[in-house]
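Visitor: I'd like to learn how to read a ligand site and a strand. Could you walk me through one of each?

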Amino acid sequence: MAQPHLTPEVLVPRLGEYLVQRGRVRAEDLKKALAHQHKKQDKTQSGLLGETLLELGLIDRPTLDQAITEQIIQLRNALEDANRYLERRVQERTAELQLALRKLSELNQMKNNFVANISHELRTPLTHVKGYVEILVTDSLGALNEEQKNALQVSQRAITQLEGLIDNLILFSQAARGEMTLHMAPVNLHNVAANIINYSNPKALDRKITLHVEIKPNLPAVKADEEKITWVILQLMDNAIKFTPAGGRVSLTILREADSLVSVSVTDTGIGIPKDRLHELFEPFHQLDGSSTRRYGGTGLGLALVRQILDAHGSVIDVRSEEGKGSTFKFTLLAARRAS
Ligand SMILES: Nc1ncnc2c1ncn2[C@@H]1O[C@H](COP(=O)(O)OP(=O)(O)OP(=O)(O)O)[C@@H](O)[C@H]1O
Ligand SMILES: [Mg+2]
């Protein structure tokens with residue numbers, strides 16, 4: 001569709017030319033009036049062409065008014081045309097965008113279904129592998145030598161890692177399909193912290209990182225899904241340990257913020273995150289070190305899920321970080337009931 005040429009000349013045609021075109025003024029008379037107008041302008045007097053033509057008796061008032069009215073009508077018509085044209089374009093573009101959006105959400109749905117199906121399909125064979133390795137490692141199918149046992153123990157660790165990855169994928173696809181269910185109940189964060197320390201201690205030790213825990217006594221229970229909140233803190237601890245060089249320190253701090261709020265923060269003295277990349281952290285499957293030779297393992301799902309789980313709890317995660325110095329990830333939870 002051709003766009004009307006909305007040049008200023010079209011919108012506001014010059015009065016003199018218009019009068020000549022319409023035969024209301026002769027071309028020579030226009031020239032005369034323009035010359036006169038020019039002279040008047042030199043003397044810094046008002047130099048409107050219409051007034052000059054009237055002054056020189058080259059046009060009468062009704063004809064001039066008629067010409068100006070015609071020009072105003074033309075201008076209004078041109079504006080109405082332009083408006084109609086713009087409305088049509090907006091409608092066309094909206095329809096195109098709606099179609100693209102529909103296609104995109106269909107594709108997204110397909111991806112979510114694929115992730116859900118494939119992760120369930122991966123789980124079944126893995127359960128068999130895990131079961132048989134367990135039978136073997138306990139000498140149930142015959143005695144094994146040390147070397148064979150070591151090899152099976154390495155396999156067991158890899159199986160645990162794979163299980164974790166599959167669980168994350170299942171959780172992610174549930175969240176993406178809006179199927180994440182929370183089992184909310186009063187949660188004792190002292191118990192949660194004890195579980196986390198048990199789990200994170202060997203990892204920290206392995207990587208020569210000092211683990212520090214500060215949890216205030218007599219914290220009120222919080223309203224949360226215990227399993228999912230434990231998982232969230234574990235992910236934050238996991239990242240803190242993973243992105244901190246040997247000799248560094250990782251702290252888990254659980255404090256009462258206000259009467260009805262408890263904050264959980266994980267601080268490390270690790271590599272930190274550049275300011276302009278903080279917003280990328282929570283994108284699913286996104287890692288800041290995207291190179292093929294990346295040093296740190298993982299799939300980039302951890303923080304995306306952390307955010308979804310906290311969002312379902314009505315909480316948000318706050319990140320403070322300084323490149324080369326370390327990072328703090330913090331969120332708050334509501335106390336189960338108000339403290340007395
Ligand atoms: N404590 C941290 N210090 C520095 N960078 C971090 C920290 N936590 C997360 N990041 C950056 O954010 C990215 C995304 O973190 P996320 O936990 O989502 O994924 P991951 O740890 O790489 O993989 P996964 O959690 O799936 O094993 C990380 O790859 C890393 O680049
Ligand atoms: Mg992670």
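Guide: We'll take the ligand first, then a strand. This is a predicted model in which local features need pLDDT of at least 70 and side-chain atom pairs count only at pLDDT 80 or more, while totals for chains, interfaces and linings use all residues. Residues are numbered from 1 along each chain as its sequence is written, chains are lettered from A and ligands numbered from 1 in written order, and side-chain values use heavy atoms, without hydrogens and water.

Visitor: How many residues surround ligand 1?

Guide: A residue is near a molecule if one of its heavy atoms lies within 4 Å of it. Here 21 residues surround ligand 1, with N239, K242, Q287, T299 and L303 the closest.

Visitor: Which polar backbone atom is 3.2 Å from an oxygen atom of ligand 1?

Guide: That one belongs to G302. Polar backbone atoms of G300 and L301 each have an oxygen atom of ligand 1 at 2.9 Å. The protein covers 95% of the 600 Å² of accessible area (Shrake-Rupley method, 1.4 Å probe) that ligand 1 has on its own.

Visitor: Now the strand. Is β5 largely enclosed or open?

Guide: Strands are DSSP runs of E, at least two residues, numbered from the N terminus. Buried means under 20% relative accessible area (1.4 Å probe, protein chains only). Six of the eight residues of β5 (residues 261–268) are buried, so the rest of the structure largely encloses this strand.

Visitor: What does β5 pair with?

Guide: Two strands pair if DSSP finds at least two bridges between them. Eight bridges join β5 to antiparallel β4 (residues 249–258), and R256 partners V262. β5 also pairs with β7, antiparallel, over eight bridges, with S265 partnering K330.

Note on methods: A polar contact is a pair of N or O atoms within 3.5 Å; within protein, one must be able to donate a hydrogen and the other to accept it, and residues adjacent in sequence count only if both atoms are side-chain atoms. Buried means under 20% relative accessible area, exposed over 50%, partly exposed in between (1.4 Å probe, protein chains only). Helices (H or I, at least four residues) and strands (E, at least two) are DSSP runs, numbered from the N terminus.
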